[in-house]
Amino acid sequence: MVQEELGNQRERMLDAWDAAAPGWGRQADRMQLFALPVSEWMVRRAALEPGQQVVELAAGPGDTGFMAARLVAPGGGLISSDAAAGMLAVARERAAEHGITNVEFKQLQLEWIDLPAASADAVLCRWGLMLVLDPAAALRECRRILKPGGRLALAVWDLPQSNPWATIISGALVELGHAEPPPQGGPGMFALSHPGLLEELLATAGFSDIDTEPITIVRRYPNVSEWIADTYDHASQFAAVWKDLGGEQRDRLREHLLRAAVEYVDDAGAIELPGSTLAAVALA
Ligand SMILES: C[S@@+](CC[C@H](N)C(=O)[O-])C[C@H]1O[C@@H](n2cnc3c(N)ncnc32)[C@H](O)[C@@H]1O
């Protein structure tokens, strides 16, 4: 792909994240409920101490970094960053709500991180790396900004078949003819899910002491409408389709989802959808 085309693709992807930012803000508490075990793993394995400098990349609403900010106080601080200005606005608001003061906010790109070399004790990145066009470049950049021996703790999504919370709804759009099947290859939710790929990328970027672990997550919804509302807020592709559906088409989609998720629905209509994420820690 020529440079100009890559630039256009990056711009389109970031526009989509900017557009999704208010929805991510609305759902941030619910998101952190299911995502907490992942943040806890990352922050624990980053082995933080007071006085240290932490950078969170692709931070979105910023919660993992805010947990780290508490641990590096007093004396230490957090740079909470994202490439999308809208996401940074959400994170700023959330930091104020959570009373986090040892934090500064920067608009940073994962693939070319505008921070000095060897300036961070730890880098955190939950569910960001698989979204970039060049994850190898992003990992080289992570290693460059870490002090020698500093820790990178990250999470990417595991295989599609381990994540029915995401695949049932995206599959339903395709099965009902509302969306094209996702393109093979390229950035996306499952781009780094292939067994061994994350470890290989980390090693190639020069990281050592690489340790990865799958973490189970569960997304709970009281009913299918809440599942749809959450997806609407998080996934711009779904939101674009849902907006244009008529009443009957929406009913058909709801029924389709309930059928496809039948093994995860209880008698009262509450839904518990499982998922799996790959967490990794490595030394620069
Ligand atoms: C799936 S969300 C994850 C947000 C947050 N880390 C979390 O775990 O809730 C992905 C985030 O990556 C950001 N992002 C996407 N591409 C990026 C890039 N090239 N550089 C930095 N951030 C990026 C998006 O704006 C969005 O906030």
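Author: An open sheet of seven strands, with mixed pairing, runs in the order β3-β2-β1-β4-β5-β7-β6; strands here are DSSP runs of E, at least two residues long, and helices are runs of H or I of at least four, both numbered from the N terminus, while two strands pair if DSSP finds at least two bridges between them. The edge strands, each pairing on one side only, are β3 (103-107) and β6, and from one strand to the next the twist averages 20 degrees, where axes are lines fitted to C-alpha atoms, for helices over the stretch in contact, and angles between N-to-C directions run from 0 to 180 degrees. This is a predicted model, in which local features need pLDDT of at least 70 and side-chain atom pairs count only at pLDDT 80 or more, whereas totals for chains, interfaces and linings use all residues. Residues are numbered from 1 along each chain as its sequence is written.

Let us stay with β6. Strand β6 runs antiparallel to β7 (residues 271-283), to which twelve bridges join it, and T212 stands opposite A280 in β7. Helix α2 (residues 28-45) lies across β4 (120-126), β5 (146-157), β6 and β7, and runs at about 160 degrees to β6; contact means C-beta atoms, placed from the backbone, within 7 Å.

R220 belongs to β6 (residues 208-221), and R220 counts as partly exposed because it has 15 C-beta neighbours inside 10 Å, the limits being 20 or more for buried and 12 or fewer for exposed, with partly exposed in between. The C-alpha atoms of R220 and L71 are separated by 29 Å, and these residues are 149 apart along the chain.

How values were computed. Two residues are in contact if their C-beta atoms, placed from the backbone, lie within 7 Å.
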